[in-house]
Amino acid sequence: MMYSAKPLAQFVIAFLAFVILLTSTVSFVNVAAAEEKIDLYIAPKTEYLPIGELLSYLLDSRFDLEVNEKIQYLDIGLRKIANGKGDLFIGLKLPPAREVSWNYSLYQLCDLGPIYEDVISGLATPAYVPEEKLSSPEDLAGSNIKARLHDELIVYESEEKLLEEMKKLTRRVEGLGDYKLVELGEMVANSELNRATRNNEWLITTLKRPSIPFSLYDMRFIEELTEGQSVHLFGRRTLVEKYSSRVTQFLSRFYLPIELINELIRLHDEDKRSAARKFVDEHPALVDYWVKGVAVL
Amino acid sequence: MKTKRLAIVLIFAFALTFSFMATPIQAKDNTLDVGAIAWEESLAIADLLQHIVRTELGFNVKVTNPNAGVAYTAVANGDLDLFLESWQPMTQANYLKRFNVIDFADFGPMYEEAKLTWAVPAYVPEDMLSSVEDLAKPEVKEKLDGEITGIDPGAGIMNISDNMMEEYDALSGYTLLEGSGAAMQASLKSAIMNDEWIVVTGWQPHSMYGRFDLRNLEEPKKMLGEEERIHMLGRTDFMADFPSKVSQFLSRFYLPIGMVNNLTSMYSDIGEGTGAKWAEEHPEIVDYWINGVDALE
């Protein structure tokens, strides 16, 4: 009996040792993971979500960071970053278009700079409309132009501010008072734009950039209704202390031209899950530069 | 005849007055007013920036050398277009706390990993001397003759180094030598030529890092502070007043610290003209800064 008990005791000891080893390994992995997490807050707007997901995809796939992605309104997102309760925030346009309710010093936040610029809303037309005939709001007063446009100017209904600006414009520019401002929901406006461009018809619409139509159609502004802005990436003040220089340098280099933002928004609209991966596959050289810096140039 | 002559004189006078009135406006529109603190690395970067903006973007650049306090105020008030040396988050904390995020167009970090340092030549074996604590080893102390080579008394790094001499037991019996930046570099050069051991006080970016292969000592008590990031700050309406090719260039302008060291070292040797030479040696980097993603794909 004594002999038969020995292997059992050995088995129990080995089993316990295995359990202890397993437990300690799991807890070690947890600790390591806790040190490699990053909180990314994204303001809830169509153009910010695809960028947030691209950033998240790259932080995860290229830097092994566990990204905790959350939608946060501007005020709350910035406050969390300033208080050190979050790491990154996407969704602040500068200079602000209206008075802001928050007040943070340069010391409280790390402004990683613009991730894209040239954010503008205005009056746009398809590029095939000859520029020598239609390049400014004043040109809209011509009777031939009015006829080509059926006396209609399209306004995206979701953009209240743009509607106001359009009303001001029609009062300011002589001869525009006859135009009818046709307010359309985003989907209907997009489909109207699609129909017009397929038939090479003339059309004038309010449009913001970046947006899906700017990616789908070759459009140009004839009048800018807002001042240009840039969208910045913000980090916690201690970002450099908390993360490796590989990560912070990548974030500093992360910058896209407006055309690629349009493209990213379109990819995201087509398929939210695959947008970031598709974008990375289509722009390997740019991604390589963001990740590795001047070594790849 | 008299009337005709008077008319000619009046027209000429009007034209002259108009041209005087017009010249400053045009000059301002075509000139980028840049503030660079009179530090070697800042002057080197200003020279590079000046060269690229003038030759590639067609703008004049006027560089002045305000101190940090004046520069922050001048950019926030719109009297200066750009300030090149915003050290964040600690070195210029006093100013950072005084100004708000929306007072500037922050182009983000221009380079990172800037810090105050104690350094040794890379040939000093790392297993013998990698940290300030290693200075306690008798064989290390003997190799260094019990000396730490400093710079001008009163410099920020010297004040901190003085405090370190008191705080670290490992530095007991050591002397912090006062001198000047030039004297420190001469001692460093002489030590390297003779394969001797030396510890110097400094900071990076600095031309000595471009000239010699150095290694920074770890400093466990963090008295030298953490790594800093150096941002470029524009006036808040920068993007409205300059074409996007200029702001996009500034947003993409980013260098690894090693290249800033090399640039600084080059500036220390040849002064004005460094930017042109550096740009000629690194056409691919300049191409990306100017043309963005088009230069990559």
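**Reading buried strands, a helix and an arginine**

Mentor: The side chain of B:R235 is in polar contact with the side chain of B:D81, at 2.6 Å. The model is predicted.

Trainee: Is B:R235 buried or exposed?

Mentor: A residue is called buried when its relative accessible area is under 20%. B:R235 has 7% relative accessibility, so it counts as buried. Its place is in strand β9 of chain B.

Trainee: How many bridges join β9(B) to β3(B), and in which sense do the strands run?

Mentor: Strand pairing is read from the bridges. Five of them join β3(B) to β9(B), residues 228-235, and the two run antiparallel. One residue pair to look up is B:Q88 with its bridge partner B:R229 in β9(B).

Trainee: What does β3(B) do with strand β1 of chain B?

Mentor: Strand β1(B), residues 31-35, pairs with β3(B) in the parallel sense, over two bridges. Here B:V34 has B:L82 of β3(B) as its bridge partner.

Trainee: How many residues of β3(B) are buried?

Mentor: Seven of its seven, residues 82-88, so the strand is mostly covered.

Trainee: Why is helix α9 of chain A described as largely enclosed?

Mentor: First the general idea: in an α-helix there are 3.6 residues a turn, so residues three or four places apart point the same way. Now the case: α9(A) covers residues 245-253, and seven of these nine residues are buried, so the rest of the structure largely encloses the helix. The buried residues include A:V247, A:F250 and A:L251, as well as A:R253.

Definitions and conventions
Residues are numbered from 1 along each chain as its sequence is written. Chains are lettered from A and ligands numbered from 1 in the order in which they are written. This is a predicted model: local features need pLDDT of at least 70, side-chain atom pairs count only at pLDDT 80 or more; totals for chains, interfaces and linings use all residues. Side-chain values use heavy atoms; hydrogens and water are left out. Buried means under 20% relative accessible area, exposed over 50%, partly exposed in between (1.4 Å probe, protein chains only). Helices (H or I, at least four residues) and strands (E, at least two) are DSSP runs, numbered from the N terminus. Two strands pair if DSSP finds at least two bridges between them. A polar contact is a pair of N or O atoms within 3.5 Å; within protein, one must be able to donate a hydrogen and the other to accept it, and residues adjacent in sequence count only if both atoms are side-chain atoms.
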